[in-house]
Amino acid sequence: MNVTLRIALCWLALGGTVLAAGDHADPAKDAAMRALATRDAPKEVSAQDFVAKEPAKTGYCANIADAAADARFAWQKEQLAVMERQVEERIKLLEEKRAEYEAWLKRRNEFLAKADESVVAVYAKMRPDAAALQLANMPDEAAAALLTKLNARAASAILSEMEAARAAGLARAMSESGRKDATAPAFKKNQRS
């Protein structure tokens, strides 16, 4: 409680007549003390005291601030969930592409491994017409692998001795095995279907 209020209340409780010895009552001072006591006296609570003293627009914004924050949080959470699903889908696609590439690389390495160095040396020393007859009876992959291991001069001599359709098929298999991108297996599948 305010000090002035306490003094005024004490003074009124005593009747306002207590004066120190030799003091004379001062009407202006008494009036000021009564005004202070009236101003600082406890007021009765009314309905108006509970009404917001802020403008209506500010009160509305303050009232819906929590709901707006909750809605914004829910929207952000939903957007993050959508983005997470998109990232997961892209990761899944990348994993599929990686697996496809690894499978293709494995097939290519197996293809090249089929042409053993010793067998390559034998075919390199053979006459082109004899080598062409031998390669004509081999599977396409093995024949193409052997031809890729031979030097260009020997391979071209052997291919020139072969039937044209068979030589073209082996040349296609050799060029597909030399591709560095992962589209070669898909291209090969599309050719057969």
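Leaving aside its neighbours within four places in sequence, which residues is Arg 166 in contact with? Before getting to that, a word on what we're looking at: this is a predicted model, and its secondary structure comes to nine helices and zero strands. Read along the sequence, then, the pattern is simply α-α-α-α-α-α-α-α-α. Of the 193 residues, 20% count as buried. Take the contacts between residues at least 6 apart in sequence, and 68% of them join residues at least 24 apart.

Now back to the arginine. Arg 166 is found in helix H8, and the residues it touches beyond its sequence neighbours are Leu 135, Ala 136, Met 138, Pro 139, Asp 140 and Ala 143. Is Arg 166 buried or exposed? Its relative accessibility is 18%, and buried means under 20%, so Arg 166 counts as buried.

Two of those partners, Asp 140 and Ala 143, turn up again in the packing of helix H6 against H8. H6 and H8 pack at an angle of about 70°, with their axes 9 Å apart. Angles of 65 to 115 degrees count as roughly perpendicular, and H6 and H8 are therefore roughly perpendicular to each other. On the H6 side, the contact is made by Asp 140, Ala 143, Ala 144, Leu 147 and Thr 148. H8 answers with Arg 166, Leu 170, Ala 173, Met 174 and Ser 177. Sort the residues of this contact by class and you get six nonpolar, two polar and two charged.

The buried residues of H5 are Ala 131, Ala 132 and Leu 135. They cover an arc of only 105° around the axis, which puts them on the same side of H5. The background is simple helix geometry: an α-helix has 3.6 residues a turn, so residues three or four places apart point the same way. And what does that buried set of H5 pack against? The answer is H4, H6, H7 and H8.

Let's follow one of those pairings, H5 with H7. Helix H5 (residues 128-136) and helix H7 (residues 152-161) pack at an angle of about 70°, and their axes are 8 Å apart. That makes H5 roughly perpendicular to H7. As for handedness, the crossing of H5 and H7 is right-handed. H5 brings Pro 128, Asp 129, Ala 131, Ala 132 and Leu 135 to the contact, while H7 brings Ala 157, Ile 158 and Glu 161. By class, this contact has six nonpolar, no polar and two charged residues.

What about the two sides of H7 itself? Buried in H7 are Ala 154, Ala 155, Ile 158 and Leu 159. Looking down the axis of H7, you'd find these buried residues within an arc of 130°, so they line one face of the helix. The face turned away from that buried side carries the exposed residues Ala 152, Arg 153 and Ser 160. The buried residues of H7 pack against helix H4 (117-125), H5, helix H6 (140-149) and helix H8 (164-177).

One last stop lies earlier in the chain. Ala 113 has its place in helix H3, which takes in residues 56-114. With 57% relative accessibility, against a cut-off of over 50%, Ala 113 counts as exposed. How far apart are Ala 113 and Leu 146 in sequence and in space? They are 33 residues apart along the chain and 9.6 Å apart in space, going from C-alpha to C-alpha.

Definitions and conventions
Residues numbered from 1 in each chain as written. Predicted model: local features only at pLDDT ≥ 70, side-chain atom pairs only at ≥ 80, totals over all residues. Heavy atoms only, no water. Axes fitted to C-alpha atoms, helices over the stretch in contact; angles between N-to-C directions. Helix = DSSP H or I, 4+ residues; strand = E, 2+ residues; numbered from the N terminus. Parallel < 35°, antiparallel > 145°, perpendicular 65-115°, else oblique. Left-handed = near helix turned anticlockwise from the far one by under 90°. Contact = heavy atoms within 4.5 Å. Nonpolar A, V, L, I, M, F, W, Y, C, P; charged D, E, K, R; others polar. Buried < 20%, exposed > 50% of the residue type's maximum accessible area, 1.4 Å probe, protein only. Arc of directions from axis to C-beta.
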